[in-house]
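Let us walk through this model one contact at a time.

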Amino acid sequence: MLERHDAPLAPLTTFRLGGPATRLVTATTDAEVIEAVREADDTGTPLLVIGGGSNLVIGDKGFAGTALVIATKGVTLDGTHLELAAGEVWTDAVARTVEAGLAGVECLAGIPGSAGATPIQNVGAYGQEVSSTITEVVAYDRTTRETVTVPNADCAFSYRHSRFKSDPERYVVLRVRFRLEDAEGLSAPIKYAETARALGVEPGDRVPLDKARETVLKLRSGKGMVLDPEDHDTWSAGSFFTNPILTDEQFAAFHARVEQRLGTDAVPPAYPAGEGHTKTSAAWLIDKAGFTKGYGTGPARISTKHTLALTNRGEATTEDLLTLAREVVAGVHETFGITLVNEPVTVGVTL
Ligand code: EPU
C-alpha cells in the first residue's frame, strides 16, 4: 500500500481543486482497501474515499484524515456477465463491453470516473442508467465490518441516487456486477431524443454498438463532458447541479412564473419523472436566469459549452468555485423560485 503524508488532493480531482490530505493511501487490492478502512475506523480517523475524482469538490483547507485512493483493477467478462473492480476506469470498461458486442452501457461512454462510483449516484446519460444493468454491488460495510453483496433490488436506485449515497459513511464499494445483453452487435434501444436525432433513427431503434458509443462521445465532447487536460471547459465535475424534480403542483406554479418572467411563448423543459412528478432542466433554468455559457470574469466560470458545468479556468480556488455556485443558486431561486442542489460531493465545504 502506497502511503504519503501532507499530500495534495487537487491533482486527483477533475476540477484540480482542494488542499492536502494529512495522509494519502493508495490501495490496489480489495484486501488493502478493507485494511485501510478498518485502520481508519479503529483509530477514529476521518476517511475520504477517492475514485476517479470526477465528482468531488474538496475545500481549500484539504482533508484532515486519511484519503484512500481506490486503485483496484479487474475486468471479468463471462457471457453477458461483467464484473468490474471499483478502481477500473469506467469509460475504458464501456469500450470493452462494446468491443465484446454487448449492449446496455454503450450510451454511458465518456463518463469520467471509476466503476465503483457508478452505483453510488446511479450514473446516467443519454437514456441509460447503471441501475438498469447492475445485478449486484459488493461493498465493505463499515457498520457491521463485513463485506456485503447488495442485490439491485436493495440498492434503492433512483435519479442520481441510491442507498450508498443516502448513507455515504457506511459503504465502500469494492466490485460492481452487471448483466448486459447480447443483441448481435446492436445497441440497446436508443431512448434519448438527442441521440436518436444524431444517429438519424427513431427513439426505440437499435443501432450498431460502436456507432451508439461514438455518437455519444461526439455529443458529450460538444458539451465539454469528455475529459481533455488542454480544455478548461472540462476542468469540471460534469453537471454541477441535478435536474429538479417537481410535483405537478410545483410544476404548475413554476410554469406560471416562467410565463410571467419570460413571456407566454417560453416553455420550460418537462420530462416525466414518475407518478405526479415532472423533471425540468437545470441547464435551462441557469441559462434563462441570465447565467449564459462562459458566464463569469474570475478564475471559475460557467463552461463555454454547457451552462450546467462550472469550470476551473486554471487558477481557481475552491472558494472561487463556491462563490460562483452560490451566485447561480441565488439567481435561479430569485428568478424561478427553484433551489438547485449540487450533484458533486463536497468535502469540508458546503454550498
Ligand atoms: N440546456 C440549456 N443550455 C445549455 C445546455 C442545455 O438551456 O447550455 C437545456 C436545453 O433545454 C436542453 C436541456 O437543457 O434540451 C437538457 O440538456 P442536456 O441534454 O445536455 O442534459 P442535461 O440535463 O443538461 C443530463 C445529465 C448529464 C448527461 C446528459 C445527457 C444531470 C444532472 N445531467 O444533463 O450528466 O450527460 O443529461 O443525458 O442529470 C452529469 O451528471 O455529470 C452529466 C454530465
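One salt bridge is counted between domain 2 and domain 3. The term means a side-chain nitrogen of Lys or Arg within 4 Å of a carboxyl oxygen of Asp or Glu. Arg160 forms a salt bridge with Glu343, and their closest N and O atoms are 3.1 Å apart.

This is a predicted model: local features need pLDDT of at least 70, side-chain atom pairs count only at pLDDT 80 or more, and totals for chains, interfaces and linings use all residues. Residues are numbered from 1 along each chain as its sequence is written, and side-chain values use heavy atoms, with hydrogens and water left out.

Now the domains themselves. The assignment for the protein chain gives domain 1 (2–70), domain 2 (75–222) and domain 3 (232–347); such bounds come from an automatic or database domain assignment. Six residues from domain 2 and six residues from domain 3 make the contact, meaning heavy atoms within 4.5 Å. Over C-alpha atoms, the centres of domain 2 and domain 3 lie 25 Å apart.

How much area is buried between domain 2 and domain 3? About 490 Å², with carbon and sulfur atoms giving 46%. Buried area is the accessible area (1.4 Å probe) that two parts lose on being put together, summed over both. In domain 2, Tyr159, Arg160 and Gly222 lose the most area to domain 3. Together they give 72% of what that side buries.
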